[in-house]
Amino acid sequence: MVGPRALSPQAIEVIRALATDPARWRYGYDLATEVNLKSGSLYPILIRLADRELLETSWEPGPPGRPPRHLYRLTTTGRKYVDALDLARAERSVPRRRLGLSGA
Amino acid sequence: MPSDLAVLEVVGAGPFTVLAILLLGVAGAVLWSREHTPQDMPSAADDIPIQLLKWAIGLLPADRVDWGQAMLGELDRIDGDSNRWRFALGCVAGLVLVSPWRPVGPMATLAAAALGSTVVLSVGFVHFGLATDPLNWVMLAIMAALVMGSVVAANVLLRRPGVAHRGLAGGVVIAAMWLAFSRFTFAGLVSPINSVGAWSDPALLIAVPVAIGVGGAWRSRSAIVGRRAARLARVSAGLVMFLVSTVAVVAIDGGPRDPGVGVAGGVSEAFFNVAVLALLVLPMATATIGWVAATATARLRQPDLGWDRQFMSTQTAAEPAAQASQIRPIGLRHRAAVAVAVVMAVTLFLLAR
């Protein structure tokens, strides 16, 4: 269930990046590179998303002697959250189009 | 800006005292080296970014350690020195600065003391017209760095298991001793150690840090907890005493000063002296002697190293407790080296009186 606090713009960027292919597991470093976030910002965001059950995590075992890697993807709740964000954005843009302010 | 000698005079310490503290530090280092097994040393695969990250992961609460392991797993796959450094430093900054600062009450108190001293310094800077001298800006930058460093150090230490209560209690003891030795006067606060008899110097520099180090290690049966408690004690006491001392400096216009030195010069020198005293010299003495005392106490009690290892920063739940049994006994040569270092330190300290 989504908590009462709204997500930060960076967190929304992260879940949108995850939503581009929601079934695929993603690595932290790849995500950081994709959304251009520093690791110190990305991991607190991932922790918050996981706490709010928008994100599920898994471990990928490494070769012998190497640490496992953590993987991330959106939960069903996370996907619904992104859908809700898209819907809200679409609704906001309707009055602007009606007024001829779409900027086209 | 005052000379180093002026600072030493305010501290009440001469070169002999400094040497004595260094010797005690050597004795502690010998004990510490016997406490650590070769397994504790970083492996060849552990470059500096990995070691830094492992240290910072030790700050995470138990229910977040898997996120630290996630960072380590990612760092392991990153190629290129600059990429590795960037990733590791980002994670360390996130863990040290961005994560919630807990426990909230003590951390807020220490942060308020730091902010308060900054406000008082700023007021003094403007009121006494210190901004005209470029050296005063250098002094202000040094003081700001010391205050910030103390706040970050407190944030790190407060999150270590078993450290907060012991360290803060030690900090209260140190601050109370300083205030008592200053006879609760502004003049005494500006140069606290010179305000009472010659016995105050060894009491503040030796007895109090020893009591804190021994107390922390004795109750916890852990040298690591004792050492961290001593460090937290000096950081927390330093921040509080710096606030009180800066108020004292402003209240009495810097206190007594040499003939020919104006008010601004006296205030500038007094600010610098209390900063070095509260945030550098006495904290270093407290940390060094408390560190030695904690290490020696834990070794004398021959603790179960497995019990102690839970406090090590890079410890993970997966590490086998079997390593714990590999504590190495103190050999005769090491005992002799420690004994000689302690005797020399005590002798030098007495010579300095």
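Q: What makes up the secondary structure of chain A?
A: Chain A comprises 4 helices and 3 strands, where helices are DSSP runs of H or I with at least four residues and strands are runs of E with at least two, numbered from the N terminus. From the N terminus on, the order of these elements is α-β-α-α-β-β-α. The model is predicted: local features need pLDDT of at least 70, side-chain atom pairs count only at pLDDT 80 or more, and totals for chains, interfaces and linings use all residues. Residues are numbered from 1 along each chain as its sequence is written, while chains are lettered from A and ligands numbered from 1 in the order in which they are written.

Q: Why are α1(A) and α2(A) called roughly perpendicular to each other?
A: The axes of helix α1 (residues 9-19) and helix α2 (residues 28-35) of chain A cross at roughly 110 degrees and come within 10 Å. Axes are lines fitted to C-alpha atoms, for helices over the stretch in contact, and angles run from 0 to 180 degrees between N-to-C directions. Angles under 35 degrees count as roughly parallel, over 145 as roughly antiparallel, 65 to 115 as roughly perpendicular and the rest as oblique; α1(A) and α2(A) are therefore roughly perpendicular.

Q: Which residues make the contact between α1(A) and α2(A)?
A: α1(A) contributes A:Glu13, A:Val14 and A:Ala17, and α2(A) contributes A:Leu31, A:Glu34 and A:Val35; contact requires C-beta atoms, placed from the backbone, within 7 Å. By class this contact has 4 nonpolar, no polar and 2 charged residues (nonpolar: Ala, Val, Leu, Ile, Met, Phe, Trp, Tyr, Cys and Pro; charged: Asp, Glu, Lys and Arg; polar: the others, Gly among them).

Q: How do you know that the span of α6(B) is close to the expected one?
A: Helix α6 (residues 104-127) of chain B has 24 residues and reaches 34 Å from its first C-alpha to its last, close to the 34 Å expected; the expected span is 1.5 Å times one less than the number of residues. Among the buried residues of α6(B) are B:Leu110, B:Val120 and B:Phe125. The buried residues of α6(B) pack against α7, α11 and α12 (263-300) of chain B.

Q: Why is B:Arg221 called partly exposed?
A: B:Arg221 has 16 other C-beta atoms within 10 Å. A residue is buried at 20 or more such atoms, exposed at 12 or fewer and partly exposed in between, with C-beta atoms placed from the backbone; B:Arg221 is therefore partly exposed. B:Arg221 lies in the loop between α10 (200-220) and α11 of chain B, and its C-alpha is separated by 8.4 Å from that of B:Thr297, 76 residues apart along the chain.

Q: How many residues does each chain give to the contact between chains A and B?
A: Chain A gives 16 residues and chain B gives 17. On the side of chain A, α3(A) gives the most, with 6 residues.

Notes. Two residues are in contact if their C-beta atoms, placed from the backbone, lie within 7 Å.
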